[in-house]
Amino acid sequence: MFSAYSQLREKGVLGLNQRNVHFISRYNERRLFPLVDDKLKTKLMAGEAHVNAPHLIGTIQYQHETRDLENLLKGLREFVIKPAKGSSGKGILVIVDRSEDEFVKSSGAKVSLQEIRRHVSNILGGLFSLAGKPDIAILEDLIHSDPAFFSFSYEGVPDIRFIVFQGFPVLAMMRLATHRSDGKANLHQGAIGVGLDLATGAAIGAVQFDRPIEFHPDTGASLKDLRIPAWKDMLELAAKCYDMTKLGYLGSDIVLDAKRGPLLLELNARPGLAIQIASQTGLLHRLTHIEEGKAPKGFTAQQRAEYALKRLSSL
Amino acid sequence: MSSSRLVFLLIVLSLFIGGMAQILHRHFTLGVPLIPSEQRQVWFIDANIDFDAIKGSVVASLALPETQTGYTLLREDLISPGFGVSVISTQNHRRAEWTIAEARGPQKLYYKIQVAADNHIVSPPAPPPPQDAANPPLFIDDALQQAIDQIVLEATKKSAGPLSFTRQIIKFLTRDSPEQNVELLRASFDSGDLLITFLTQGNIISRRVYGLELEDGRRRQRLKDYVEVYADEKWYFFDPRTGEEGKPENLLLWGQGATSILDVTGGRNSKLTFSILRQEQNALRSVLTQLDDLGQDRFSIYRLPLEDQALLKGMFLIPIGAIVIVFLRVIVGIRTSGTFMPVLLAVAFIQTELAPGLISFVLIVGTGLFVRSYLSRINLLLVPRISATIIVVIGLTILFTLLSQQMGFENIQNFAFFPLIIMSWTIERMSILWEEEGPKEVLIQSLGSLAAASLAYTLMATPIVRHLSFNFLGFQPILLSFILLMGQYTGYRLTELRRFRFLTGDK
């Protein structure tokens with residue numbers, strides 16, 4: 001037991017207690033949390049900061065607005081409706097096609113306008129939000145996953161989670177939806193985490209339920225072949241999220257859209273630790289490197305991304 | 001180390017030391033036992049005064065014992081049919097006085113006390129002797145006086161101070177084959193009087209004290225007299241019959257500072273006898289009674305009405321549950337449903353006992369979950385949904401209570417001890433967890449919660465823990481200091497050693 005403990009220390013693995021006491025409560029000001037806990041606020045903030053994100057089509061805040069839903073959806077072939085304060089990917093409705101009054105979900109199932117209206121009403125009632133608080137429904141553009149990922153994900157769009165410490169991306173992992181995870185990119189629901197090399201964007205290792213895995217259980221693709229295109233742009237976008245939020249210890253979730261390139265999906269002020277298992281790398285060495293002031297100060301997001309690519313990746 | 005960290009450690013340390021000091025103070029100076037089952041000896045002593053009243057008014061006056069090193073007076077009662085009673089404090093001792101205007105024939109008066117042995121309360125240092133405390137001289141004829149002078153002279157030569165002088169005198173007086181003069185003195189006077197006469201001749205301050213040998217089950221015991229010699233600002237104790245020094249442990253001094261023990265005016269043939277009984281008593285109860293009598297324990301919860309005591313006792317146990325939760329979550333890393341739900345569950349277990357409590361809780365929550373799964377299908381808003389769950393829980397509580405009564409179980413009120421709101425929220429949380437994370441997570445968290453509750457209950461039901469938290473307020477700051485310390489623990493949780501095992505190459 002004690003040897004396991006000191007081995008983890010040696011590997012620089014960050015534990016939950018240390019994450020909470022040392023990083024989240026020290027670098028993330030409480031008053032900033034609402035900025036990331038509410039996806040609508042994050043989106044508006046991203047617009048101001050020129051951080052690319054899926055286009056906001058509209059919002060629905062009051063129950064009576066659901067009657068006008070038909071007008072709002074007029075002319076939209078594909079779109080996403082999601083709760084602003086939802087957690088773990090709950091309440092997200094993805095429509096990929098439409099024929100008059102019939103809408104086709106990403107799973108292929110068809111839903112009527114009436115059903116969409118009820119879904120929106122449930123969102124507003126707080127069915128999917130934390131502690132059941134009343135919520136706002138967000139209507140936004142559908143993301144078209146980059147073709148590079150076709151063989152790696154089942155149903156859902158894969159996203160890339162970056163841990164960003166004081167503006168420096170320090171660790172990255174791609175999250176792939178599986179049948180087990182019900183198309184959601186949430187690790188504890190059974191999504192696969194593929195650790196990525198900070199220098200190249202190539203896969204290091206992969207885990208499902210905290211255990212190493214080699215092949216995607218649904219598509220059979222060899223996970224170590226995964227390689228992220230436009231890697232440097234992605235790092236830069238992740239680094240920009242710090243300037244936007246001022247959260248010192250941040251999880252940035254970024255997707256790669258086939259047409260628009262890297263887009264910010266959402267932010268997390270309490271990012272999980274499984275990313276260390278996926279990338280076979282402890283967070284602490286890189287975090288302390290920055291904390292002890294060894295990384296340069298006053299860099300732009302681009303310079304920080306560069307630094308992560310060249311210097312942090314080898315720590 | 002940063003200064004804020006230093007301040008933090010100082011706060012933790014002072015909480016710990018403060019709590020410890022309070023516990024030690026209560027234990028060592030007030031005598032509150034650290035272990036609940038600790039026993040202490042309590043002596044029940046009855047002093048019986050018998051005398052024949054000559055026709056007319058009677059005053060009987062008895063010197064009384066005081067709390068002294070090794071013995072503490074717990075309570076005293078004066079019993080005396082028809083007599084007026086009062087306790088009078090004189091300059092250096094207390095006396096009980098019985099008075100009656102008209103009495104005739106044999107009379108009986110009682111003075112009963114309870115004295116605790118093995119006590120920590122130390123008697124105050126004896127006051128220096130009053131200047132006029134001269135011992136009454138004995139009537140001694142010239143020939144004997146000459147013999148006395150000679151012995152005093154010889155003892156003075158052989159001694160270096162009051163104590164060695166006393167030892168020499170006692171040696172003369174207790175010799176097996178004494179000189180003729182000494183033999184005569186011994187025959188005419190009692191040994192205590194005689195010793196004091198010699199000591200007075202040698203200009204040594206001394207006084208007579210009386211003591212009662214405590215022996216279980218003795219009756220018709222009498223006081224014995226002893227002599228105390230004043231030297232180096234202290235009184236030294238001597239047994240004039242044997243020359244033994246120092247007060248024997250089983251001796252209770254009686255009427256220290258009094259020249260006479262029993263005075264009866266208007267009576268004759270007065271007699272003072274004692275009967276003695278020993279009992280083992282719960283130390284806690286007798287100490288508390290004593291502290292209460294002395295008015296020394298103003299902050300004891302035992303001074304409150306019983307109902308309030310029960311409330312406070314329940315409250316005092318909650319920090320124990322809290323520290324268990326902190327430990328399990330921060331050090332071990334167990335997941336529970338609702339942070340402090342297990343503590344409230346443990347409090348309920350105290351009423352129901354562990355096994356019946358666990359069974360009842362699982363029954364109600366399990367059935368509740370079943371009903372709740374229907375509620376979630378009809379899409380209710382949160383508050384109405386929980387309200388509905390509360391009513392369902394009430395219904396289930398009544399149902400199970402009636403069922404268990406039908407089946408002849410004894411503890412049928414078990415189901416009613418669980419806080420309704422806690423049960424409803426537990427059902428709500430479990431049900432959401434089931435939908436979001438699946439049954440496995442529900443199982444993990446419910447097992448975690450039940451294990452935490454059982455552990456908290458086990459600690460909260462341990463007699464020594466209960467005893468410490470009820471009787472020593474200092475226990476709480478000590479718990480707080482540990483909780484604060486654990487609050488800054490940034491090491492790995494035990495469960496993380498397993499979670500991250502694939503990172504260390506340890507497959």
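The model is predicted.

The place where chain A meets chain B comes first. On one side, 33 residues of chain A take part, and they are in contact with 23 residues of chain B. The size of an interface is often given as the accessible area lost when the parts come together. For chain A and chain B this buried area is about 2,700 Å², and carbon and sulfur atoms account for 57% of it. Three residues, A:Tyr5, A:Leu8 and A:Asn17, supply 23% of the area that chain A buries against chain B, which is more than any other three residues supply.

Ten residue pairs are found in polar contact between chain A and chain B. Several elements of chain A give two or more residues to the side that touches chain B: helix H1 (2-11), helix H2 (16-27), helix H6 (113-125), strand S11 (211-212) and helix H8 (274-278). The largest share, six residues, comes from H1(A). By class, the side of chain A that touches chain B has 14 nonpolar, 14 polar and five charged residues.

How many salt bridges cross between chain A and chain B? The count is one. It joins B:Arg499 to A:Asp210, with the closest N and O atoms 3.0 Å apart. This pair counts as a salt bridge because the rule asks for a side-chain nitrogen of Lys or Arg within 4 Å of a carboxyl oxygen of Asp or Glu. Over all chains, a search of the whole structure finds 32 salt bridges. In the pair that crosses between chains, A:Asp210 lies in the loop between strand S10 (203-208) and S11 of chain A, while B:Arg499 lies in helix H15 (residues 494-499) of chain B.

Chain A itself has two parts. Domain 1 covers 2-51 + 146-314, and domain 2 covers 56-140. Taken over C-alpha atoms, the centres of the two domains are 28 Å apart. Eleven residues of domain 1 are in contact with 13 residues of domain 2. The two domains of chain A bury about 1,000 Å² between them, and 58% of this comes from carbon and sulfur atoms. On the domain 1 side, A:Lys39, A:Leu40 and A:Lys43 supply 49% of the area buried against domain 2, more than any other three residues.

A:Lys43 also has a charged partner. It forms a salt bridge with A:Glu140, where the closest N and O atoms are 2.6 Å apart. The count of salt bridges between domain 1 and domain 2 of chain A is one, and three residue pairs are in polar contact there. Helix H4 (residues 39-48) of chain A gives four residues to the side of domain 1 that touches domain 2, the largest share. That side of domain 1 has three nonpolar, two polar and six charged residues.

The last stop is in chain B. Strand S3 (residues 84-89) and strand S4 (residues 94-117) of chain B run antiparallel and are joined by six bridges. Which residue of S4(B) is the bridge partner of B:Ser89? The partner is B:Arg94. Together S3(B) and S4(B) form a hairpin, with four residues between the two strands.

Key: Residues are numbered from 1 along each chain as its sequence is written. Chains are lettered from A and ligands numbered from 1 in the order in which they are written. This is a predicted model: local features need pLDDT of at least 70, side-chain atom pairs count only at pLDDT 80 or more; totals for chains, interfaces and linings use all residues. Side-chain values use heavy atoms; hydrogens and water are left out. Contact means heavy atoms within 4.5 Å. Buried area is the accessible area (1.4 Å probe) that two parts lose on being put together, summed over both. A polar contact is a pair of N or O atoms within 3.5 Å; within protein, one must be able to donate a hydrogen and the other to accept it, and residues adjacent in sequence count only if both atoms are side-chain atoms. Ala, Val, Leu, Ile, Met, Phe, Trp, Tyr, Cys and Pro count as nonpolar, Asp, Glu, Lys and Arg as charged, and the others, Gly among them, as polar. Domain bounds come from an automatic or database domain assignment. Two strands pair if DSSP finds at least two bridges between them.
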